[in-house]
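Please open the structure in a viewer and keep the sequence at hand.

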Amino acid sequence: MTEPQRPPMSPPPPPRVPPAPPPGMRPPARDAAATSSTQQQPMQTVEMSSTQRTAVAAPPPPPKVPPGMPPGMPPGVPPSGRPAPPPSSAAPTVVARTPAKPVGPSPGQPTLREIVVKAHENGISDIHVGVSEVPRFRKRGDMETTDYPLTDEATFMSWLREVMSDAQIREFEERLDFDGVTQYEFSRARINVFGSMRGPAMVMRLIPNNILTMEQLRLPEVFKDICHYHKGLILVTGPTGSGKSTTMAAMIDYINKEMAKHIITIEDPIEFVHTSRKSLIKHREVGLNTLKFDNALKAALREDPDLILVGEMRDKETVNTALKAAQTGHLVMGTLHTNSAVKTIERILNLYSAEEQHSMKIAIAESLVSIISQGLCKTTDGKRAAFHDILINTEAIKDYIKEGKYEEITGIMLASSFDGMITMNRALLDLYQEGRITEETALEMSPTPNEMAQFLRGRV
């Protein structure tokens with residue numbers, strides 16, 4: 001040690017010098033290690049702080065070594081000087097194995113595919129399954145029970161694994177909600193998984209692979225005229241389960257067969273899948289092919305579209321972008337959850353503040369092509385039929401929208417059947433007069449039953 005490094009107390013004893021080994025013998029590894037330690041002490045002492053130098057009265061501490069290593073031994077060299085024994089010689093570490101999850105349903109339970117196949121063969125629109133519940137079907141608007149056994153959790157989780165990836169199941173377990181879609185060879189299925197008090201549950205909406213035509217759906221002829229517009233905003237509205245997606249799919253199918261256009265659909269999730277024919281069709285799914293409706297809609301304006309289909313106009317930003325696209329020479333189709341054409345206009349305007357509504361009335365009046373509000377009712381032959389509120393944006397309608405005279409719009413719709421306009425009550429009356437629905441059904445499905453009763457009595 002040098003003078004400044006020597007502690008103020010008594011000097012340390014001289015280092016021990018091992019006796020020289022007999023000729024031809026190597027020094028023991030332990031002595032070599034000690035010698036190495038003694039040689040390394042000056043280097044380690046230099047790193048000591050001044051506080052340690054004044055507080056320690058004993059000889060300087062040995063150099064720091066990793067835990068479990070003898071003092072002075074360089075890392076990686078075993079104390080014995082021999083190679084370290086293989087790890088297997090140490091006590092084995094026991095790792096608990098997680099039992100593998102069962103891959104199928106519990107004994108006596110069906111697979112989800114078996115349930116879906118049966119539903120498809122019986123014309124079921126929705127499948128409801130959940131833990132501690134018996135699977136149920138919705139057929140033509142009515143809920144029906146099944147003879148399947150009560151669903152246990154193991155069976156339900158096996159059903160999720162049939163239609164969801166491990167990452168999607170983890171997403172559901174974190175968020176307790178999941179929206180997605182799966183594909184069978186005979187049908188697509190939109191799925192929604194959610195948590196409930198009894199346990200997780202799932203609803204599947206079966207979407208046929210074949211797209212029905214307007215003629216098969218018996219839609220009014222004016223729908224074809226609406227499809228021939230080159231720019232503007234077309235809205236198809238109605239409550240959940242009213243057939244909005246089916247109607248829009250029929251309109252897109254008609255355009256695809258008859259016109260050469262570039263069609264971009266933005267949906268969450270994609271429901272009906274179209275194959276390009278005369279038109280080029282690109283499907284984009286929110287969450288899979290794009291992050292937000294609004295982002296995809298803005299991007300679509302730079303993708304040379306002729307028609308943009310927006311699965312749902314959920315918020316102010318999406319409505320703004322849709323109106324901008326309609327005003328800049330594109331045809332835009334979208335959906336809203338409203339019950340009539342007039343209420344659709346009011347719903348859009350309610351997204352905006354009072355100061356913004358005047359300019360929005362002008363934007364809607366200038367951009368709107370048509371509003372189609374749709375409902376479904378039971379027919380006398382056990383099937384279902386669609387009835388519509390159809391608003392065509394004529395010059396008179398434009399003026400009433402700008403002035404906010406929404407009540408007068410209904411009167412114009414009643415008197416403008418030659419333009420293809422009709423109200424729901426008039427559509428229900430037509431179905432009643434054709435013998436397809438009963439008087440009770442007409443009154444039940446009418447948005448204004450008092451007016452419907454007057455129609456039925458011939459007073460209007």
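Which residue stands opposite D126 in β6? Select D126 together with β6: the residue opposite is R205. Please bear in mind throughout that this is a predicted model.

Select residues 126-130, strand β1, and residues 201-208, strand β6. These two strands run antiparallel and are joined by five bridges. In general, the strands of a sheet pair through backbone hydrogen bonds, in either a parallel or an antiparallel manner.

Now extend the selection to the whole sheet. It is open and consists of six strands in the order β3-β2-β1-β6-β5-β4, with antiparallel pairing. At the edges are β3, residues 142-145, and β4, residues 177-183, each of which pairs on one side only. From one strand to the next, the twist averages 20°.

Then select residues 153-163 for helix α4, which lies across β1, β4, β5 and β6. Relative to β6, helix α4 runs at about 35°.

**Second stop: the seven-stranded sheet**

The next sheet is also open; its seven strands follow the order β9-β8-β10-β11-β7-β12-β13, and their pairing is mixed. Strands β9 and β13 stand at the edges with a single partner strand each, so one side of each has no neighbour in the sheet. Here the twist averages 15° from one strand to the next.

Select residues 232-237, strand β7, to examine its pairings. With strand β11, residues 331-336, β7 pairs in the parallel sense over six bridges. Within this pairing, G232 stands opposite L331. With β12, strand β7 also runs parallel, and five bridges join the two. The bridge partner of L233 in β12 is L368.

Is strand β12, residues 368-378, largely enclosed or largely open? Nine of its 11 residues are buried, so β12 is largely enclosed by the rest of the structure.

Q374 stands opposite H388 in β13. The two strands form a hairpin with five residues between them, and G382 in the turn has a positive phi of about 85°. To complete this view, select residues 424-433: helix α15 packs on the sheet and touches β12 and β13. Its direction makes about 145° with that of β13.

Select T247, which is found in helix α8, residues 244-258. T247 is buried, with a relative accessible area of 2%. Which residues does T247 contact, leaving aside its neighbours within four places in sequence? They are L219, F223 and Q374. Next, display the C-alpha atoms of T247 and I372: they are separated by 9.8 Å, although the residues are 125 apart along the chain.

Two packed helices are described by the angle between their axes and the distance between the axes. Select residues 293-300 for α9 and residues 316-327 for α10. Their axes come within 9 Å and cross at roughly 15°. The angle is under 35 degrees, which makes α9 roughly parallel to α10. The crossing is left-handed. On the α9 side the contact involves F293, D294, L297 and K298, and on the α10 side E317, T318, T321 and A322. By class, these are three nonpolar, two polar and three charged residues.

Six of the eight residues of α9 are buried, so this helix is largely enclosed by the rest of the structure. The buried residues are F293, D294, A296, L297, A299 and A300. They pack against β8 (262-267), β9 (280-285), β10 (307-310) and α10.

**Last stop: helices α11 and α14**

Finally, select residues 341-349 for α11 and residues 406-415 for α14. These helices pack at an angle of about 150°, with their axes 9 Å apart, and are therefore roughly antiparallel to each other. Their crossing is right-handed. In the contact, A341, V342, I345, E346 and L349 of α11 meet Y406, I409, T410 and M413 of α14. Seven of the contact residues are nonpolar, one is polar and one is charged.

Note on methods:
Residues are numbered from 1 along each chain as its sequence is written. This is a predicted model: local features need pLDDT of at least 70, side-chain atom pairs count only at pLDDT 80 or more; totals for chains, interfaces and linings use all residues. Side-chain values use heavy atoms; hydrogens and water are left out. Axes are lines fitted to C-alpha atoms, for helices over the stretch in contact, and angles run from 0 to 180 degrees between N-to-C directions. Helices (H or I, at least four residues) and strands (E, at least two) are DSSP runs, numbered from the N terminus. Angles under 35 degrees count as roughly parallel, over 145 as roughly antiparallel, 65 to 115 as roughly perpendicular and the rest as oblique. A crossing is left-handed if the near helix is turned anticlockwise from the far one by less than a right angle, and right-handed if clockwise. Contact means heavy atoms within 4.5 Å. Ala, Val, Leu, Ile, Met, Phe, Trp, Tyr, Cys and Pro count as nonpolar, Asp, Glu, Lys and Arg as charged, and the others, Gly among them, as polar. Two strands pair if DSSP finds at least two bridges between them. Buried means under 20% relative accessible area, exposed over 50%, partly exposed in between (1.4 Å probe, protein chains only).
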